[in-house]
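Visitor: I'd like a quick tour of this model, taken one question at a time. Could you start with the rings?

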Amino acid sequence: MSSKYPVVLIAGDGIGPEVSKAVVNILEAAGAPLEWIACDAGLAALDKGKEVMPEETLEAVKKHHVALKGPCTTPVGKGFTSVNVQLRKKLNLFAAIRPVRSLEGVPTRYENVDMVIVRENTEGLYSGVENEIIKGLVTSMKVVTVDGTERIARRAFQYIQKREREKLTVFHKANIMKMSDGLFLKSVEKIHQDEFAEIPYDTQIIDAGCMKLVQDPTKFDVLLMENFYGDVVSDLAAGLVGGLGVVPGSNIGFEDAVFEAVHGSAPDIAGKGVANPLALLMSGVMMLNHMYETNGDKQIHAAAESIKAAYNKALAEGDKTGDLGGSLDTDGFAKAVIKRLT
Ligand code: NAI
């Protein structure tokens, strides 16, 4: 009999609570031995009179090392710094790993897409370091460090080795941002040459890379890029396999890991009960696999396998949410998965 493993649960904003509830129900029905530690962040925290990124939530993740997180809203053009950015930086979750795969029952322009985006998660243009120099002149700083780039490069190559993937492609714009992207590229190339020379490696200037991605995504395997490019390319890639409802993700550091979908809080559909919980569910499966690698608990592994088989079967048999052309709502899809658990 396994013990129960504590997992921090941050439900998030907008569709976050809806999809989180569905995912918790599925993980429980699959027999995953988890004890949920509910913590606040984002607007939900503000509503309770707390900081937008409460210290107690950060401490809980540091203590338990694993979290499942729903999306958190960030105001546009004003207001507080993104909760997601704060969480990733404060916990040093420097690697975002985002698998993008075709799914049976989700027809798209391309079949057999199977790539992984590795996004540097703590530096780059996404740092949000901005200054108004004088009225009418604002600068936004792009931060690139050798240490930050070498560690994400190493993580990407290690991922390729461990998962027996084929190749790393780096997206960059070092022809224009010669110093910042230049340093990124140089640092990745050094790690490749010094430590992983046997792994096939190439580079793409990001604009041409995006064009090639939409022309034929099956030509790509593992993609590595700085934070902001990773943000944009993740959504682009999601669009190639059925949309934001089907792309999961993890934010991983040396100690802690936070699993969350690529999508945001989707205010346009929040509260309607129609959001697709699959991306967060897939993130939950990634979390179970991560936990299994750490604790070797077969019950965790069995739950992950059972959930994956169940959602694949549900999709293949036409049980889908509206974003994928189906007729199920959030709860309906959760029930369709639970019904197929073995
Ligand atoms: P979004 O990902 O929330 O939504 C984009 C479009 O995709 C919308 O039409 C939405 O309805 C749809 N969509 C997203 N997830 C879906 C799902 N699970 N099922 C069905 N349809 C889905 O992106 P948007 O609108 O740019 O951002 C909304 C808010 O989310 C912003 O405040 C943003 O800062 C935040 N955000 C948070 C993220 C996080 O917590 N990791 C990531 C991305 C955005």
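Visitor: Which residues do ring pairs link into a cluster?

Guide: This is a predicted model, where local features need pLDDT of at least 70, side-chain atom pairs count only at pLDDT 80 or more, and totals for chains, interfaces and linings use all residues. Residues are numbered from 1 along each chain as its sequence is written, and side-chain values use heavy atoms, with hydrogens and water left out. Rings of Phe, Tyr and Trp (its six-membered ring) pair if their centres lie within 6.5 Å; planes under 30 degrees apart count as stacked, over 60 as edge-to-face and the rest as tilted. On that basis the cluster consists of Phe157, Phe196 and Tyr201.

Visitor: How many aromatic pairs does the structure hold, and what is the angle between the planes of phenylalanine 157 and tyrosine 201?

Guide: The structure has four aromatic pairs. One of them joins phenylalanine 157 and tyrosine 201, a tilted pair at 6.2 Å centre to centre, with the planes at 45°.

Visitor: How many residues apart are those two, phenylalanine 157 and tyrosine 201?

Guide: Helices (H or I, at least four residues) and strands (E, at least two) are DSSP runs, numbered from the N terminus. Phenylalanine 157 sits in helix α5 (residues 146–162) and tyrosine 201 in strand β9 (residues 201–205), so the pair links distant parts of the chain, 44 residues apart.

Visitor: Is phenylalanine 157 buried or exposed?

Guide: Buried means under 20% relative accessible area, exposed over 50%, and partly exposed in between (1.4 Å probe, protein chains only). Phenylalanine 157 has 0% relative accessibility, so it counts as buried.

Visitor: Why is the pair of phenylalanine 171 and phenylalanine 220 edge-to-face?

Guide: Their ring centres are 6.0 Å apart. This pair also links distant parts of the chain, with phenylalanine 171 in strand β8 (residues 168–172) and phenylalanine 220 in the loop between α7 (206–215) and β10 (222–225), 49 residues apart. Phenylalanine 171 and phenylalanine 220 are both buried. The pair is edge-to-face because the planes are at 85°.

Visitor: What covers the buried residues of α11?

Guide: Helix α11 (residues 330–339) has Thr330, Gly332, Phe333, Ala334, Ala336 and Val337 as its buried residues. Contact means heavy atoms within 4.5 Å. The cover includes α1 (16–29), α9 (278–295) and α10 (298–316).

Visitor: Where is glutamate 164, and what is its phi?

Guide: Most residues other than glycine have a negative phi. Glutamate 164 is in the loop between α5 and β8, and its 69% relative accessibility makes it exposed. Although it is not a glycine, glutamate 164 has a positive phi of about 50°.

Visitor: And what is the phi of alanine 266?

Guide: Alanine 266 lies in the loop between β12 (257–259) and α9. It is not a glycine either, yet its phi is positive, at about 40°.

Visitor: Stepping back, what is the radius of gyration of the protein?

Guide: The secondary structure comes to eleven helices and twelve strands, and the C-alpha trace spans about 55 × 45 × 40 Å along its principal axes. The radius of gyration is taken over C-alpha atoms, and the globule rule is 2.2 Å times the number of residues to the power 0.38. For 342 residues a compact globule would come out near 20 Å, which agrees with the protein's own value of 20 Å.

Visitor: What share of the 342 residues is buried?

Guide: Among contacts with a separation of 6 or more, 73% join residues 24 or more positions apart. As for burial, the buried share of the 342 residues is 54%.
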